[in-house]
Amino acid sequence: MSNKEGPASSSSPELDPNIVSKQKDYADPTARNLVKKEMRLSDRQATNLLSDKIPLSLNLETSTQPLPDDLTSGISVQDKKNLNSLPNIDSKTGRASIPSPKNYEMFSIQVKDQAVDKVIDGVARTQDNKAQNQTTAVSHITANQSGQIIGIIKDTDVSFMDFSYMLPDGYRLQTRNDGDFNLVSEAGEVEGEIEAPWALDASGKQLPTRFELVDDHTLRQHVDTEGASFPIALDPSWAWWLVTAGKCAVSVAPLLATGGSHSCTRTETDLCY
């Protein structure tokens, strides 16, 4: 991967203070708290079971709409693309998307056949479309800019969960022996990964689990539920290596927005390539 310097970051356009409601904290345990509620865990159980599994959430008010021109006037086309390529959670599907710090292409995953029923500080809760509440999920962008979806299986007859994924044009997933998947570019470079999955039950027991590539757009996570205490939590986590491997520093300051408004900006962006 290239180590050459990218373009210097530019300051973001100022917002009228009337547009901005308030700036959120950079990261918080929103996703962890939602999973705690879904699994009916006590505070102590949640601390013991979830603190090392579910990172803090990047606290962003998300929008899948481009920034209006009046907020991006006077900045370069590339910087405008940067501002429109924020990590985001789709407010209808729960799809979590993270941009490559190299070329701003999106790497996205969502739970198949689920829809959002609530969004809290950019963290989405989804449930199965049949409204039978057999499975739910919590989708968020972590504080280190990885994507994570924590699936919750509540029905004893369910032993897998399907995730739809979207890769940039020319990219593919490559299976690794350790259960991870590499994200490989058209040039054959490994630029990201889907980490080996984990699964645990309501008592904290680790459950055998594995991924299966069902087709070019579907990743299935199988879980051995024999003897398990329900509900069960499971997870795919994914990231661009340029972000998480420490090969360059990337920071995203909070996105500022009013409720229901697409008027938003990012106050600071440091990218290197």
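**The open sheet and its surroundings**

Mentor: Strand S4 (residues 96-99) is joined to S5 by four bridges, and the two strands run antiparallel. Strands here are DSSP runs of E with at least two residues, helices are DSSP runs of H or I with at least four, and both are numbered from the N terminus. Two strands are said to pair if DSSP finds at least two bridges between them.

Before going further, please note that this is a predicted model, in which local features need pLDDT of at least 70 and side-chain atom pairs count only at pLDDT 80 or more, while totals for chains, interfaces and linings use all residues. Residues are numbered from 1 along each chain as its sequence is written, and side-chain values use heavy atoms, with hydrogens and water left out.

S4 and S5 belong to an open sheet of six antiparallel strands, ordered S3-S4-S5-S10-S16-S15. Its edge strands, S3 (88-89) and S15 (209-215), each pair on one side only. The chain as a whole has five helices and 22 strands.

S10 (residues 160-166) holds Phe-163. This residue is buried, with a relative accessible area of 0%; buried means under 20%, exposed over 50%, and partly exposed in between, for a 1.4 Å probe and protein chains only. Phe-163 and Gln-110 are 53 residues apart in sequence, yet their C-alpha atoms are 5.5 Å apart in space. Not counting residues up to four places away in sequence, Phe-163 touches several residues, including Ile-109, Gln-110, Val-111, Thr-218, Leu-219 and Gln-221. Contact means heavy atoms within 4.5 Å. Over the whole chain, 59% of the contacts between residues at least 6 apart in sequence join residues at least 24 apart.

Buried residues make up 48% of the 273 residues in the chain. In soluble globular proteins, nonpolar side chains tend to be buried together. A nonpolar core is a set of buried Ala, Val, Leu, Ile, Met, Phe, Trp, Tyr and Cys residues joined through side-chain atoms within 4.5 Å. The largest one has 32 residues, of which Phe-107, Ile-194 and Trp-238 touch the most other members. Leaving aside neighbours within four places in sequence, the contacts of Phe-107 include Ala-96, Ser-97, Ile-98, Met-166, Ile-194 and Trp-238. A second, separate core of 17 residues has Ala-31, Met-39, Leu-200 and Ala-233 among its members.

Two of these names lead to further elements. Leu-200 lies in strand S14 (residues 198-201), where Trp-198 and Leu-200 point one way, Ala-199 and Asp-201 point the other way, and all are buried. In a regular strand the side chains alternate between the two faces of the sheet. S14 is joined by four bridges to S17 (residues 232-235), which runs antiparallel to it, and Trp-198 has Asp-235 of S17 as its bridge partner. Ala-31 is one of the buried residues of helix H1 (residues 30-38), together with Thr-30, Arg-32, Leu-34, Val-35 and Glu-38.

Most residues other than glycine have a negative phi, and most peptide bonds are trans. Asp-113, in the loop between S5 (106-111) and S6 (114-120), has a positive phi of about 60° although it is not a glycine. Asp-113 is exposed, with a relative accessible area of 55%. Gln-145 likewise has a positive phi, of about 70°, and occupies the loop between S8 (135-141) and S9 (147-153). Gln-145, however, is buried, with a relative accessible area of 8%.

The loop between S16 (218-223) and S17 holds Pro-231, and the peptide bond from Phe-230 to Pro-231 is cis, with omega near 0°. Thr-225 lies in the loop between S16 and S17 too and counts as buried at 18% relative accessibility. Leaving aside neighbours within four places in sequence, Thr-225 is in contact with Val-158, Ser-159, Phe-230 and Ile-232.
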